[in-house]
Amino acid sequence: MVSSRPNPVKERPFFKSNQEIRVGKRVQHVQGQFHEICSKKVTTFTQEWYAIRRNIDEALRCYRRLRLGKEIRDKVSNNHGLSPERGKCSGLALHKRVGRLLKSLGKWVNTTKQIGCVAGIEIGDEFHWRGELCFVGLHNDFQRGIDCIASLNGRIWATSIVDSGRYDSTTTTSTGRRVSPNEFTYCGEGENHIFGGGKKKLKDQKLVGGNLALMNNMVDRKPVRVIRKYNHIGNANDSGYKFVYEGLYRVTKYWKDIRGDSRTYVYKFKLVRMEDHQQYDSEWMKRYYERRLVLDETRESCHMC
């Protein structure tokens, strides 16, 4: 079956960011910048942002070394007083183990859970393993598809979702017509027939947990980070897949739908990608528009002299 998901962005190394600015009919290539079309301002990230990105790059290399080398894991465990690894460690248990070791080494980045963009992360950044999303601060749950944050009064919102293909999420309409790659329908969590080997008797999904959080995102107009899993594409891990950060989305509506195989109700959410100039926090951006105005005025003064 051919996947209905949009094609991922062009392959590139994690730390290198190549984007384009269109000026008339010319395309100008820049590094680490994006262009605000409406305001005509060119924005680049701050030194602190790039420092965090370098820490993420180092943490990724460390994570992958630990995942592959049991001797290295045993050495780190011994040096930090952690319990030794018993038997063969694989799958989710391995990634959680490596995550704990990485935390003991002080390599976790963006440790405060937050809504919105994450420092040091750009749209299109790729990750080999689900656990990598946790220690860089993109998605703080090793298994659940919807990660949440709670306010002091108990109201919850979704910070991020991982569309891994385990639910009936889609980028097409019910009639099969393909919609824009900037929007898709995400199926809520709970009562998945894939878990339990298909033998579990399914019930209706409930508007609790991650489903309630996504509804609150819609009501309160909170953005949610979207990460997608792509199978059998270039530069994938040894299992043939990778995760790609696709940016900030808004939940524009939700509804209850009937699952065809079990005739039970599921919640579905329509997500639409936010505009480019809304993808990054102004805290991590430097604006040169005003400085250019000063330079232009200085040049005019010199010409008059």
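Student: Which strand does E246 lie in?

Tutor: Strands are DSSP runs of E, at least two residues; helices are runs of H or I, at least four residues; both are numbered from the N terminus. E246 lies in strand β10, residues 241-258. A caution on sources: this is a predicted model, where local features need pLDDT of at least 70, side-chain atom pairs count only at pLDDT 80 or more, and totals for chains, interfaces and linings use all residues. Residues are numbered from 1 along each chain as its sequence is written, and side-chain values use heavy atoms, with hydrogens and water left out.

Student: Is E246 buried or exposed?

Tutor: Buried means under 20% relative accessible area, exposed over 50%, and partly exposed in between, with a 1.4 Å probe and protein chains only. E246 has a relative accessible area of 11%, so E246 is buried.

Student: Which residues is E246 in contact with, leaving aside neighbours within four places in sequence?

Tutor: Contact means heavy atoms within 4.5 Å. With those neighbours set aside, E246 touches I123, V226, R228, Y230 and R273.

Student: How many bridges join β10 to β11?

Tutor: Two strands pair if DSSP finds at least two bridges between them. Here nine bridges join β10 to β11, and the two run antiparallel.

Student: Which strand pairs with β11 over five bridges?

Tutor: Strand β8 (residues 183-187) does, also in the antiparallel sense; β11 spans residues 265-273. E183 stands opposite V272 in β11.

Student: Which residues touch the most other members of the largest nonpolar core?

Tutor: In soluble globular proteins, nonpolar side chains tend to be buried together. A nonpolar core is a set of buried Ala, Val, Leu, Ile, Met, Phe, Trp, Tyr and Cys residues joined through side-chain atoms within 4.5 Å. The largest one has 36 residues, and I121, F127, V136 and L138 touch the most other members. Elements giving two or more residues to this core are α1 (47-68), α3 (91-104), α4 (130-135) and β10. The largest share, eight residues, comes from α1. A second, separate core of 16 residues includes I146, I161, A213 and L214.

Student: How many disulfides does a search of the whole structure find?

Tutor: A disulfide is a pair of cysteine sulfur atoms within 2.5 Å. The search finds zero. C89 is buried, at 18% relative accessible area. C134 is buried too, at 1%.
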